[in-house]
Amino acid sequence: LAIHVGVHKTWCSDSHRTGASVRTHSEAIRCAPSDYRDCTQQLIAPQYSATSRIRGAELGGGRAVVVTKQRRACTPPPRRTMTSESYVLDPLGRSALADLEERKLLTHGEARSVLEKRERLELNLSATQPTRAAYARAIAYEEKCDALLSVRRAKKVSIKRGPGDHFQARRIAALYERALSRFSDDSRLWLDYVSYLKKTNQPKAVGRVLARACRANATSLEPWLAAARWELKDRGNATAARRLLQRALRFNGEKHELWSHYIAFELSYVDRLRKRSVALGTPSPEVELTQVAVEAARAAFQ
């Protein structure tokens with residue numbers, strides 16, 4: 001009992017002097033490992049931090065034992081890529097600007113100016129009823145910044161790509177999505193978004209956005225014609241282009257302009273088949289080719 005009381009006093013005084021959070025002897029026993037009750041009979045305090053210095057006492061000899069946790073070497077965290085979650089947490093791109101400044105693609109003054117401009121543009125977009133012009137100004141500014149970074153990136157080929165390189169594309173796409181969520185009936189805005197995705201070489205996104213544009217503006221001709229042109233010229237899928245034009249005729253059968261586009265498409269398709277037969281040296285079945293166009297026109301009325 002005397003030994004335990006002495007240990008308790010030594011522990012409390014040492015804990016008070018070193019700033020440890022363990023205050024009672026029973027609390028120290030709970031924090032100690034299981035070998036305390038077996039053979040070592042030492043009080044070992046829990047590891048609190050890299051600089052904690054906790055003192056214990058040995059029951060057998062009554063002398064103090066110093067337990068010090070060694071400081072571990074700190075390694076820098078790995079560089080993170082820009083993801084959709086990081087964009088949500090940092091919509092103005094402060095971390096991306098810091099990365100561009102670190103890789104010497106922007107100076108400190110330019111990065112600060114870009115951030116201030118984004119804050120002013122974002123203030124206009126956060127209004128109760130933002131206008132189309134406000135979104136257009138924000139998108140135009142981000143596209144200019146993207147073009148400037150592309151020029152500087154081309155001059156410094158040895159620089160590795162970082163999270164700041166991916167932020168611009170995510171920022172512009174997010175601005176287009178915000179604008180379309182408010183002005184989904186604007187066909188011109190949809191086509192601008194599609195042209196940006198084509199310029200940045202995102203074919204899968206182009207197909208998805210064109211499908212959304214056709215659903216949102218079923219009575220407008222521009223999205224349907226753009227989708228058919230994309231399937232015919234960019235992807236070489238005449239069947240999908242014909243299907244899109246026929247679906248457009250179901251919603252806009254009274255518009256003569258759409259009929260003229262559809263007839264021109266069928267004639268161009270017949271002419272393409274004729275040229276292919278000539279190139280292959282096979283006879284050209286003009287009657288059958290014409291019949292294909294007639295059957296396609298009949299399918300539009302069904």
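Leaving aside neighbours within four places in sequence, L232 is in contact (heavy atoms within 4.5 Å) with N237, A238, A241, F265 and R272. L232 itself sits in helix α10, residues 221-234; helices (H or I, at least four residues) and strands (E, at least two) are DSSP runs, numbered from the N terminus. With a relative accessible area of 16%, L232 is buried, where buried means under 20% relative accessible area, exposed over 50% and partly exposed in between, using a 1.4 Å probe and protein chains only. L232 and R242 are 10 residues apart in sequence, and their C-alpha atoms are 8.8 Å apart in space.

The structure is a predicted model, in which local features need pLDDT of at least 70 and side-chain atom pairs count only at pLDDT 80 or more, while totals for chains, interfaces and linings use all residues. Residues are numbered from 1 along each chain as its sequence is written, and side-chain values use heavy atoms, with hydrogens and water left out.

Taken as a whole, the protein chain holds 13 helices and 2 strands. Of its 302 residues, 37% count as buried. Among contacts between residues at least 6 apart in sequence, 50% join residues at least 24 apart.

An α-helix has 3.6 residues a turn, so residues three or four places apart point the same way.

D186, in the loop between α7 (163-182) and α8 (187-199), caps the N-terminal end of α8, with a side-chain oxygen 3.2 Å from the backbone nitrogen of R188. The side chain of D186 also makes a polar contact with the side chain of R132 at 3.2 Å. A polar contact is a pair of N or O atoms within 3.5 Å; within protein, one must be able to donate a hydrogen and the other to accept it, and residues adjacent in sequence count only if both atoms are side-chain atoms. D186 is buried, at a relative accessible area of 19%.

Just after α8 comes N201, with a positive phi of about 60°, in the loop between α8 and α9. N201 is exposed, with a relative accessible area of 64%. Most residues other than glycine have a negative phi, and most peptide bonds are trans. K104 likewise has a positive phi, near 65°, and is not a glycine. K104 belongs to the loop between α4 (94-102) and α5 (108-125) and is exposed, at 63% relative accessible area.

Finally, the lining of the largest pocket draws at least two residues from each of α3 (84-89), α6, α7, α8 and α9. A pocket is, on a 1 Å grid over the protein atoms alone, an open set of points where a 1.4 Å probe fits, with protein on both sides within 12 Å along at least five of seven lines; lining residues have an atom within 4 Å of a point. The lining has 21 residues, of which A169, R170, A173, Y196 and Q202 lie nearest the centre. The most come from α7, with 7 residues.
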